[in-house]
Amino acid sequence: MGIPPYATFGQRVWYYGFRVICGLIFAFLITPILVVIPLSFNAEDFFTFTPEMLSFDPEGYSLKHYQDFFSNNEWQRSLKNSLIIAPIATFMSVCLGTLAAIGLSQSHVPFKGAIMAILISPMIVPLIISATGMFFFYSTLGNWMESTLGLDKTLVGYIKVILAHAVLGIPFVIITVTATLVGFDHSLTRAAANMGANPVTTFFRVQMPLILPGVISGALFAFITSFDEVVVVLFVGSAGQKTLPWQMFIGLREQISPTILAVATILVVVSVALLTVVELLRRRSERLRGMSPG
Amino acid sequence: MIDKTGSEGFVSFDHVQKSYDGENLVVKDLNLEIAKGEFLTMLGPSGSGKTTCLMMLAGFETATHGDIRLGGVSINNIPPHKRGIGMVFQNYALFPHMTVAENLSFPLEVRKIGKSEREAKVQRALDMVQMGEFGGRRPAQLSGGQQQRVALARALVFEAELVLMDEPLGALDKQLREHMQFEIKRIADNLGITVVYVTHDQTEALTMSDRVAVFDDGRIQQLAPPDQLYEEPMSSFVAQFIGENNALDGVVQSIDNGVALVKLATGDLIDANPINVSKVGEKTRVSIRPERVEFDMNRLAEGSHTLKAEVLEFVYMGDTFRTRLRVADNDEFIVKTRNAPDQVRLQPGAVVDIGWMPSDCRALDA
């Protein structure tokens, strides 16, 4: 789309102005992420570019921060914690969020708007408020689990953080699944029932495959929410559940260690890989559904 | 699964009522017996309750009152997936993530039928609708007509004795629709299945059905074979809804020897066949089919009443001529004549005498 020959002066100014604004938005979004990547290869324990790095001297670069990340116990334990908490919380968010979205898409459910608002609220209420509420709620719940159920203190700690993160992830799953359900043709479930499939078979063979793109994107958001989350885990968790973001926060505030740059770079790479995989899956499923030419 | 009773009442609706809001009845006291092997069409304008009846039969809606029986057994409390009824949906409802063959295989898989038998049945069903080559395609890669055939094959593949069709040809163009009408009829006859077909297209209803149930306002207005429905409508609604119809309003002057003399608003007198009028002075609407109107006075009985008509428009339709006349203040009086070599082509502005056999002109409710 070029500028049409009849464009006025104002339209020409806007045509170029619009592109400049878009470029600036991209720059502000991406530069902080891109800057971290070369800095993570810094040979010194600095957060800024050294003169050696700027002159592309190989001496100025090293993998020592990556080494630190993979050998340091503190970092490894926090990575392990994140890898325990995030997948379980994601799984819970996906199951509950998908069921909630399907339930709320039925026409006969009363108070749909109110129920939806409550389920979405963790996304809208300021995190610090949710976290404060969760602190009191989960400490009571934790005490009860320890004293009445006699569960191990560490286990209870994990359960608390996982439940809290699952709650935070549910809204994302509900929103993405609801969005795919809008385009879902309910006569398909009727057709399946008519052909003799019971509701469970109908769900797994007909409905689930068609809303899968929404479920996967919801899962991705829920995973990143948990993997990325520092406020709630600080309030609800104890030192035993120190996650990767928590460790990075400490690394920045207390240890001033550039290892967090290496961690950030790894996380960027993992995120890009995840997003790419999801996008490829989404395209494949759309092609299968015949929504775009194969 | 289905108890094979006699040929009468394979499907029966017994005093069935349906209300969605608890106040207004969408279906009012429906009584209908459908014989085994019958092709029955539910015809009516939208909102007449015909689709609701089909959905109650399929099990997607529950009857508010009354009993629906299949093979003599009440199915009110049987969920849709245990009814064993085939159905073709309006939008086909093919599973987009499965190939054509997988779509057809689905009802057989949930019935736990073995792989080789499944494949044989799928192929047979696809061949039946001339889609044998398309098993590997996805629905999105097929044209509307092909999707329609697949939907039909899918409803037939598990050998249901009763197949429901909800306006299955609505999305197709005219030519394809006419072709599919004959094809569906042929397949249904060959398989001996019972079909309940819902449509708002009266041509479809007339060409395909053994019997047609005309729905309006939640009731069956008339239940009859197509020829009887067209030639002997029992109410103004049916006369108007089925085929083209000329209506003239008047008052009954006398009823004599099975012929009613009707005085029109203009004072003209016409002869009519009294159908649902019985008293002198009763208001009536007489109905006459466009192809039963005569210009040729020699072909009318001695002493028949005739009307003066002014020609307003002459339309050449190829096989027929369609002439619009002003008759007794009705500007929409249509006469259809066959395009025969000796047929007169009336010119606009001409004034002619028209008449008809009293038996073709039916005095119905006003």
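In chain A, the C-alpha centres of domain 1 and domain 2 lie 34 Å apart. Keep in mind that this is a predicted model. Chain B also comes with two assigned domains, and here the C-alpha centres of domain 1 and domain 2 are separated by 39 Å.

**Domains**
- For chain A, the assignment puts domain 1 at residues 9–60 and domain 2 at residues 73–257.
- For chain B, domain 1 covers residues 11–231, while domain 2 takes in 244–365.

**Where chain A meets chain B**
- The contact draws on 18 residues of chain A and 22 residues of chain B.
- By residue type, the side of chain A that touches chain B splits into nine nonpolar, six polar and three charged.

**Annotated spans in chain A**
- An unreviewed UniProt entry lists "transmembrane region" for residues 20–41, 83–102, 114–138, 158–184, 210–236 and 256–281 of chain A.
- Take residues 83–102 of chain A: the model has this span as 100% helix and 0% strand, and its end C-alpha atoms sit 29 Å apart.
- Residues 210–236 of chain A come out at 93% helix and 0% strand, with 37 Å between the end C-alpha atoms.

**A four-stranded sheet in chain B**
- Over in chain B, four strands make an open sheet, and if you walk across it the order is β17-β16-β15-β18.
- The pairing in this sheet is antiparallel.
- At the edges you'll find β17 (330–338) and β18 (351–354) of chain B, each of which pairs on one side only.
- From one strand to the next, the twist averages 45°.
- Zooming in on one pair, β16 (residues 320–327) of chain B is joined to β17(B) by seven bridges, and the two run antiparallel.
- Within that part of the sheet, Val327(B) stands opposite Asn330(B), which belongs to β17(B).

How values were computed
Residues are numbered from 1 along each chain as its sequence is written. Chains are lettered from A and ligands numbered from 1 in the order in which they are written. This is a predicted model: local features need pLDDT of at least 70, side-chain atom pairs count only at pLDDT 80 or more; totals for chains, interfaces and linings use all residues. Two strands pair if DSSP finds at least two bridges between them. Axes are lines fitted to C-alpha atoms, for helices over the stretch in contact, and angles run from 0 to 180 degrees between N-to-C directions. Domain bounds come from an automatic or database domain assignment. Two residues are in contact if their C-beta atoms, placed from the backbone, lie within 7 Å. Ala, Val, Leu, Ile, Met, Phe, Trp, Tyr, Cys and Pro count as nonpolar, Asp, Glu, Lys and Arg as charged, and the others, Gly among them, as polar. UniProt positions are given in the numbering used here, feature names are shortened, and annotations may be inferred rather than shown by experiment.
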